[in-house]
Each structure stands twice: as structure tokens, then as C-alpha cells.
Amino acid sequence: MTVQTALLQGAELLERAGIAVPKLTAEVLLAHAMRCERVYFYAHPEQELREVEWLHYGRYLHERLNGKPTQYITKRQEFYGREFRVTPDVLIPRPETEHVVEVALELARGASRVLDIGTGSGALAVTLQLETLAETWATDISPAAAAMAAENAKRLGSAVRLVVCDLAEAIAADSFDLVVSNPPYVPLTQKDGLQREVRDFEPHVALFGGETGFELYDRIAADAPRVLRPGGWLIMELGFGSLNHVEQLLHGWRNVRIAPDLAGIPRVAAAQRQ
């Protein structure tokens, strides 16, 4: 079995199963099986796969055909130009969450202490610590997620301090200049309509924000004034349909800003403590 044949057969299987971007997915899975970069295939299409590589590739294809996200198979996902390790213990970082970083760097680059609430893989906390060199803390209710974030921080050379707690309950008052969060915001009522890759594989504690999808926003916005220093910023990612509710929560804050993503969809809400 050559590289070219393996890629063609894999892409065909994935396409028949309705998997998105089948050619790219086949390349990523084969590269993971062969422990190489995808560009290697363009120079070596006729290379024969070793038996162990073919066995791994077949297993990865089978997992993907059964709905397992590619990122959980390869155990990695890029975020803001850095490679993060991901497992089913944490939500897969999305490109749109990078807008939270961009808004934070614009509004609060001078923050000396940063808190990421519900850190998951640590993508926001690690990125902001490396970009700003601020003292950075992160919380998560899941010990497994906190361990994953700690592993990513160590591997990427980031000094993030992890706390296992519910939101910011263990955080002292008036202690941070910037609080960021990508909270769970999918309503439980929409569970059955999610893609199977999301519904069946990603951690529900990181996905669902109660019956309405607003419950975590409510709690974070209510507690943030306690945690933030005067003039500190709260920056949160917005879920679909959450804009009006979050704007109401931020009534009474200063300098409320809503930042859209590249498609023009409201993606980030930012506000400054009085």
C-alpha cells in the first residue's frame, strides 16, 4: 500500500460517510500514523506504508468514521499559532475563541494579573500568559481538564497557575485586572440537534450552560465585580443567540463592547468594572 493509494482510499471512505473535508482528514490521520508532516506526502507519494503504519491508519479511519473528532484521535489542536494537546476531557479549542485573545490584547494588554474561568485545555490562559507575560491563573471544575491545562502550560513554557473550583468561587476579591472566559453556552434543549462529534464526544460539562444556555453567563457576570480590581475588564465569548442576554447582564458596567467574528457574528463581549 503506497501513500498515494492510502490517501485516496481513506478520502473515499470518509467522503462516502459524509465526513467533512475528507481529503484533508485522510492526510492528517495518515500523517499521525506515520509520525510525519502532511507535506511529506507530496514528495513521497509512492512510498510503501509499513505494516504498523497501515494498522494505525486503519484504526484512526475507523474511529473517525464512528464520529470521533480528528483532534481527539491526533490529540492536538492549533490555537493562536501554538499546538495544544487535547483529549475528551476538554473541549476542542475553536478558531473563533481566538477573538477573545485579540480583544483582550487590545483592551487589557497592560493587565498584571489575568484569570481564565473554565480553562479546559488552557488555550486562553496559556496564550494570554505568553502574549502578555502577566501573572495568570486559570480555574476549572474538572480535575482532568485542569491537569490537561497544566500539561499544556508546561509543554509550551507558560507559567499558568491552576485552581480546581466551580467558576471563580476559590478566587480572592479584588485580585485581577482581567477576567476572560469561554463558558458553556449551549442550551440543554438543543442537545439532540448537535453534531454527533460534539454531542457524543466532547465533555458535556464544557458544552451545556443549563436549560437556557445563559446560566454560566449569569454566574460569571454576577461574581466578576468581586474578583476584578476597579477598572478591570471582563471578556467573554458569546454563544449563538446570547448577545441580548449578556448585554443586559453588563448593564451598569463601563465601556461595554461587542466584537464580531470574521463572519460578522457577535463573538466577544467586553466590559470594564466601575
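Leucine 178 touches Ala104, Ala108, Ala111, Arg113, Val114, Leu115, Leu228, Trp233 and Ile235, leaving aside residues up to four places away in sequence; contact means heavy atoms within 4.5 Å. The model is predicted: local features need pLDDT of at least 70, side-chain atom pairs count only at pLDDT 80 or more, and totals for chains, interfaces and linings use all residues. Residues are numbered from 1 along each chain as its sequence is written, and side-chain values use heavy atoms, without hydrogens and water.

Leu178 belongs to the largest nonpolar core, which has 26 residues. Such a core is a set of buried Ala, Val, Leu, Ile, Met, Phe, Trp, Tyr and Cys residues joined through side-chain atoms within 4.5 Å. Buried means under 20% relative accessible area, exposed over 50%, partly exposed in between (1.4 Å probe, protein chains only). Leu128, Leu178, Val180, Trp233 and Ile235 have the most contacts inside this core. At least two of its residues come from each of α6 (98-108), α7 (123-132), β6 (176-181), β7 (228-237) and β9 (266-272). Helices (H or I, at least four residues) and strands (E, at least two) are DSSP runs, numbered from the N terminus. Helix α6 gives the largest share, 7 residues. Another core, of 21 residues, lies apart and includes Leu216, Leu250, Trp253 and Ala269.

Arginine 113 lies over the face of phenylalanine 176, at 4.5 Å from the ring centre. The criterion is NZ of Lys or CZ of Arg within 6 Å of the ring centre and within 35 degrees of the ring normal.
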